Amino acid sequence: MFRFLTPFQRRRREETPLQRIERVVSRLDRTTREIFLAHRLDDMSYTEIAQRTGLSVAEVERRMAKAMRRLMEAEPRD
C-alpha cells in the first residue's frame, strides 16, 4: 500500500542520526540535558553527576532514563 507523507514526516525521515539526537537533546529540560551530556560525552558516572548537581543518584538515573526514552521515541520506524 502506498503511503503519503506530510512535509514534516519527509523532513524527519531525511534527518541524519546525529541531527535527530541533536534535535531531541536540545528539547530536553536544562538539567536533564546536562545530565545526559555529562554521562554520554564526559563519561561521568551517575554518582559523579549527582555530586556535581546536588541531585540524588536515583534522580540522575530517572533523568537519564527520560532522555533515553525520548531518543528511542524519536527513532524512525519504517
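**Note on the helical packing and salt bridges**

1. Arg 63 and Glu 59 both belong to helix H5, where they stand four residues apart, about one turn of the helix; helices here are DSSP runs (H or I, at least four residues; strands would be E, at least two), numbered from the N terminus. The two side chains form a salt bridge, with the closest N and O atoms 2.8 Å apart, the term meaning a side-chain nitrogen of Lys or Arg within 4 Å of a carboxyl oxygen of Asp or Glu.

2. This is a predicted model, in which local features need pLDDT of at least 70 and side-chain atom pairs count only at pLDDT 80 or more, while totals for chains, interfaces and linings use all residues. Residues are numbered from 1 along each chain as its sequence is written, and side-chain values use heavy atoms, with hydrogens and water left out.

3. Glu 59 also meets the side chain of Arg 62 in a salt bridge (2.9 Å, N to O), and these two residues of helix H5 are three residues apart, again about one turn of the helix. Arg 62 counts as partly exposed because its relative accessibility is 48%, where buried means under 20% relative accessible area, exposed over 50%, and partly exposed in between (1.4 Å probe, protein chains only).

4. A search of the whole structure finds six salt bridges. One of them joins Lys 66 and Asp 29 (2.9 Å, N to O), and this pair links distant parts of the chain, with Lys 66 in helix H5 and Asp 29 in the loop between H2 and H3, 37 residues apart. Lys 66 is partly exposed at 25% relative accessibility, as is Asp 29 at 30%.

5. The largest nonpolar core holds 14 residues, of which Ile 35, Phe 36, Ile 49 and Val 60 touch the most other members; such a core is a set of buried Ala, Val, Leu, Ile, Met, Phe, Trp, Tyr and Cys residues joined through side-chain atoms within 4.5 Å. Helices H2 (17–26), H3 (30–40), H4 (46–53) and H5 (57–74) each supply at least two residues of this core, and H5 gives the most, with five residues.

6. Phe 36, which lies in helix H3, counts as buried because its relative accessibility is 7%. Leaving aside neighbours within four places in sequence, Phe 36 is in contact (heavy atoms within 4.5 Å) with Val 25, Leu 41, Met 64, Ala 67, Met 68 and Leu 71. The C-alpha atoms of Phe 36 and Arg 63 are separated by 7.9 Å, although the two residues are 27 residues apart along the chain.

7. Within H3, the residues Thr 32, Ile 35, Phe 36 and Ala 38 are buried. They span an arc of only 165 degrees around the axis and therefore sit on the same side of H3, the arc being that of the directions from the helix axis to the C-beta atoms. The cover over the buried residues of H3 includes H2, H4 and H5.

8. Most residues other than glycine have a negative phi. Asp 43 is placed in the loop between H3 and H4, and counts as exposed because its relative accessibility is 67%.
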